Amino acid sequence: AVPAVPRETLDDLLTVIALAVVMVVQEPILSLGALAVMPAAVWGVNKLRRRARNVAKSEYALLNEMVGVVQETVQGVHIVKSYRLEDAMRARMHSAIAAVEARANKRARLTARTSPLMETLGGLAIAYGLARRGLAVTVLDEGDVAHRAARGNFGNIWIQGKGAGVP
């Protein structure tokens, strides 16, 4: 027996097919380029997304471990003090923080890889469409030392995290 397919799924499928036909009829060269490049781009982005999700899961586990260290310290502060375990607990906390930081940095690096790829593909498509209309296209790029929004936002977060009265 054939499983029942929801009506919304069929509507969405027919919409995608209709849009693909319109795309090929109106811009055949751009459509063929998109159909050639997009599967590889989507595959690459999905692969990076899966890796980032796995790193985020391990980061969550490490955060739980860090919270556990804090709970053990707070609940057993008398034992920690009486047996002079402050250095051992401090070392455990520092290693947990370092592990969480390493995972967070790895996740940030993975997610940062997808943006340039998709922005480049989108920019190429727009530039091609403009060039096909006879308009001149100029690429403006400042390189990696440019003060973009991400760098500016990081500066704002850094300033907010400093606290009151800290220059």
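Predicted model: local features only at pLDDT ≥ 70, side-chain atom pairs only at ≥ 80, totals over all residues.

User: How many helices and strands does the protein have, and in what pattern do they follow along the sequence?

Analyst: There are five helices and zero strands. Read along the sequence, the pattern is α-α-α-α-α.

User: What share of the residues is buried, and what makes a residue count as such?

Analyst: Buried residues make up 12% of the 167 residues. A residue is called buried because its relative accessible area is under 20%. The protein exposes about 13300 Å², of which carbon and sulfur atoms supply 65%.

User: Why is E27 called buried?

Analyst: E27 has a relative accessibility of 15%, and the limit for a buried residue is under 20%; E27 therefore counts as buried. E27 is found in the loop between α1 and α2. Leaving aside neighbours within four places in sequence, E27 is in contact with Y128, R132 and R133.

User: Why are I17 and E65 called partly exposed?

Analyst: The term applies between the limits of under 20% for buried and over 50% for exposed. I17, in helix α1 (residues 7-26), has a relative accessible area of 45% and is therefore partly exposed. E65, in helix α2 (residues 28-75), has a value of 44%, so E65 is partly exposed as well.

User: How do you know that the length of helix α4 agrees with expectation?

Analyst: Helix α4 (residues 86-132) has 47 residues, which at 1.5 Å a residue should span 69 Å. The end C-alpha atoms of α4 are 69 Å apart, so the two values agree.

User: Which residues of α4 are buried, and what covers them?

Analyst: In α4, the residues M89, M93, A96, V100, L110 and T114 are buried. Their cover includes α2 and α3 (77-82). An α-helix has 3.6 residues a turn, so residues three or four places apart point the same way. As for A96, its C-alpha atom is separated by 7.1 Å from that of E65, 31 residues apart along the chain.

Key. Residues numbered from 1 in each chain as written. Heavy atoms only, no water. Helix = DSSP H or I, 4+ residues; strand = E, 2+ residues; numbered from the N terminus. Buried < 20%, exposed > 50% of the residue type's maximum accessible area, 1.4 Å probe, protein only. Contact = heavy atoms within 4.5 Å. Expected span 1.5 Å × (residues − 1). Areas by Shrake-Rupley, 256 points an atom, 1.4 Å probe, with all protein chains shown as cover.
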